[in-house]
Amino acid sequence: MVAMENDVPNGSAASIPHVVMLATPGMGHLIPLAELAKRLASQHGVTTTLVAFASTKSSTQHAFLASLPPSITSLHLPPFDLSDLPHGTTIETLMSEECARSVPALTEILTKLKETNHVVAFITDLFGMDAFDAAYSAGIERRYLFIPTNLHLLTLMLHLPELDISIPGAFQDLAEPLQLPGCVPIPGKDLLSPLQDKSNPCYRWMVHHASRSIEADAILVNSFDAVEPDVATVLQQQEPGRPPVYNIGPLILTESKSKSINTVPPTSSRAACLDWLDRQPARSVIFVSFGSGGSLPTEQMRELALGLELSGQRFLWVVRSPSNEGAVNDNYYDAASKKDPFVFLPEGFVERTKDVGFLVSSWAPQIDVLAHQATGGFLTHCGWNSTLESLVHGVPMLAWPLYAEQHQNAVMLAEGIGAAIRVPELKGKEMIAEVVKELMAGEGKGAEVRTTVANLQKDALEGLSEGGAASTALAEVVGKWAGDQN
């Protein structure tokens, strides 16, 4: 049975344009789709059903879904048994398998929604491409691919079927960086992590999803032209056989102070974090967080702590238990650490840094922290949600990528647009201290990055305003639904 989170808003559902969205697992997929649903409601009067997977029905996700406005009804697909998959199966394979096995149940849901709503479109992200089969079966004529990251990732996926044939060896062994149309050259080892091992089933899944992406009526991307201008120009040109591409970002978490996942932790922990920032000088604090799904190896966590201490800069660090089995762990589904993370810090570190640092276990209200006047830098894993949140609030970045597309994001941000400084690959405490000081107070590269981010902030906010690029792009998509009949 499907579990509803919110009631359908008052009014004639049969006459209001309605969109169904499928969010594959991970808050990085769910948040931007929910924000798209909010924008469709506020700007175009469109209601939404947001479908999520049973595997991600965590306390974090439940609180987030429960916080959504009445224009967004949310429900979960029934659970599916994935126990036949071997231990160590990648998150990308798990998501893809769960989606493929969910097609019959999703078909039933879409068919029922069509009976009571004026369904004008179905939207899914990259790992939900097989869900197009459910939309076909349910008779939903307009099907869209949503890319929660950027145009660089989209370009790689659009070219992946041909790259799969033309590059027989491992991408990490490429002698030269991969140069795709309009994109920053990306070294092979920094390409999307599921592509690095061609013998792993997740690689074939990525090629599969990429091959199906051309079935979309259009591709909606959570980015904006100024942050990747050259590839934006390339993708604005129509090509035979490729769906039109619309930059509709930045879509970032809104209403964080009252109605979001910022209410998941106890109110007191949130207040303590922001109260501490209130006592710090303007632009003096570097915020350190690796997103809801990332963890460092024990030794890197230790070097980061010592590097922050050595830098002498004020810091607010979201500390999560280390993982020596890879950057992605159970936190991909739920942000809470499963162990006390502070016991892994260097001996005496907490006491020595108590006057300049503030430590938070597992979670912090990231939007509120980045918006705070005391925050002057962000040491980030380069997840695209975090990147956009940083740019919208004008916070320059230190790039410390972990998994997924984060390494290629780091290359694009640091070597392409110049909105970040890359943390050196050998992450010793001295190197970490050096780049932290440069970002926060340096007159060379640090000053350039701070200026670039300030300009990108203006571009992002202008695009979201009425008549701006993002608003215009979304209006063009919605305009195609005006004459649709249920």
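Of the 18 residues of helix α1, 13 are buried (under 20% relative accessible area, with a 1.4 Å probe and protein chains only), so this helix is largely enclosed by the rest of the structure. The structure is a predicted model, in which local features need pLDDT of at least 70 and side-chain atom pairs count only at pLDDT 80 or more, while totals for chains, interfaces and linings use all residues. Residues are numbered from 1 along each chain as its sequence is written, and side-chain values use heavy atoms, with hydrogens and water left out.

Helix α1 covers residues 27–44; helices are DSSP runs of H or I with at least four residues, numbered from the N terminus. Just after α1, Gly45 adopts a positive phi of about 65°.

Helices α14 (residues 429–441) and α15 (residues 445–464) pack at an angle of about 50°, and their axes are 7 Å apart; axes are lines fitted to C-alpha atoms over the stretch in contact, and angles run from 0 to 180 degrees between N-to-C directions. Glu438, Leu439, Met440 and Ala441 of α14 meet Lys445, Gly446, Val449 and Arg450 of α15.

Confidence was also examined by residue. The pLDDT (the predictor's confidence in each residue, from 0 to 100) averages 91 over the protein chain, and 90% of the residues score at least 70. Over residues 329–335 the pLDDT is below 50.

Methods
Contact = heavy atoms within 4.5 Å. Helix = DSSP H or I, 4+ residues; strand = E, 2+ residues; numbered from the N terminus. Expected span 1.5 Å × (residues − 1). Buried < 20%, exposed > 50% of the residue type's maximum accessible area, 1.4 Å probe, protein only.
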